[in-house]
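Open the model in your viewer and keep the selection panel at hand. The tour goes from a pocket to the ligand and then to its contacts.

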Amino acid sequence: MSIFTKIIKGEIPSYKIAENEDFFVFLDINPNAEGHTLVVPKQEVDKLFDLDDELYAKLFNYSKTIAAAIEKAVPCNRVGLSVIGLEVPHVHVHLVPLNQMADATFEKKVKLTEEEFKALAVKIASYL
Ligand code: 5GP
């Protein structure tokens, strides 16, 4: 079972933003920038391009909805989208508020307090 499946099942805590039948959305614990969010299919599939066409399309449509809420909640130039998966073998879309190229590199990280994570999750969710 992946660490994200454990989060989806509530066995590991997360700063949850939203959930629907197919997806679970929460803040990345080691964010590139404030508001860095993960959109994860509940179905545990390792690689993005192995998703069936319907779930693949739904993932990007739902990510668009979540990105619009992030853009309202977090001051940024735009919200970027990446799919990597080198660390966690369970499909996830990274949505990262971008102000500079370094925000997209996964090398520069920001440290947030528990209170800051909680407030960000609540604020993003309030725009959904
Ligand atoms: P990737 O697999 O796309 O290379 O990176 C996985 C991402 O998941 C990383 O940005 C990492 O910070 C995040 N991540 C890994 N474990 C956890 C976790 O237990 N909780 C949360 N919220 N994020 C995690």
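What volume does the largest pocket have? It has a volume of about 450 Å³, taken as the space filled by probe spheres set on grid points joined across faces, edges and corners. A pocket here is an open set of points on a 1 Å grid over the protein atoms alone, where a 1.4 Å probe fits, with protein on both sides within 12 Å along at least five of seven lines.

This is a predicted model, in which local features need pLDDT of at least 70 and side-chain atom pairs pLDDT 80 or more, while totals for chains, interfaces and linings use all residues. Residues are numbered from 1 along each chain as its sequence is written, and side-chain values use heavy atoms, without hydrogens and water.

**The lining.** Select Phe4, Asp28, Leu38, Glu87 and Val88: of the 22 residues that line the largest pocket, they are the closest to its centre. Lining residues have an atom within 4 Å of a point. The lining divides into 14 nonpolar, five polar and three charged residues, with Gly counted among the polar ones. Next, colour α1, which gives the largest share of this lining, three residues.

**The ligand.** Now show the ligand, which sits in the largest pocket; that is, more than half of its atoms lie within 2 Å of the pocket's grid points. Select the 16 residues around the ligand (a heavy atom within 4 Å). Asp28, Gly85, Val88, His92 and His94 come nearest. Both α1 (3-8) and β2 (23-27) supply at least two residues of this shell; helices (H or I, at least four residues) and strands (E, at least two) are DSSP runs.

**Polar contacts.** Look for pairs of N or O atoms within 3.5 Å.

- Leucine 27: a backbone N or O atom lies 2.9 Å from a ligand nitrogen atom.
- Valine 88: a backbone N or O atom is 2.8 Å from a ligand oxygen atom.
- Histidine 94: a side-chain N or O atom is 2.7 Å from an oxygen atom of the ligand.

Methods
Polar contact = N/O pair within 3.5 Å; in protein donor to acceptor, adjacent residues only side chain to side chain.
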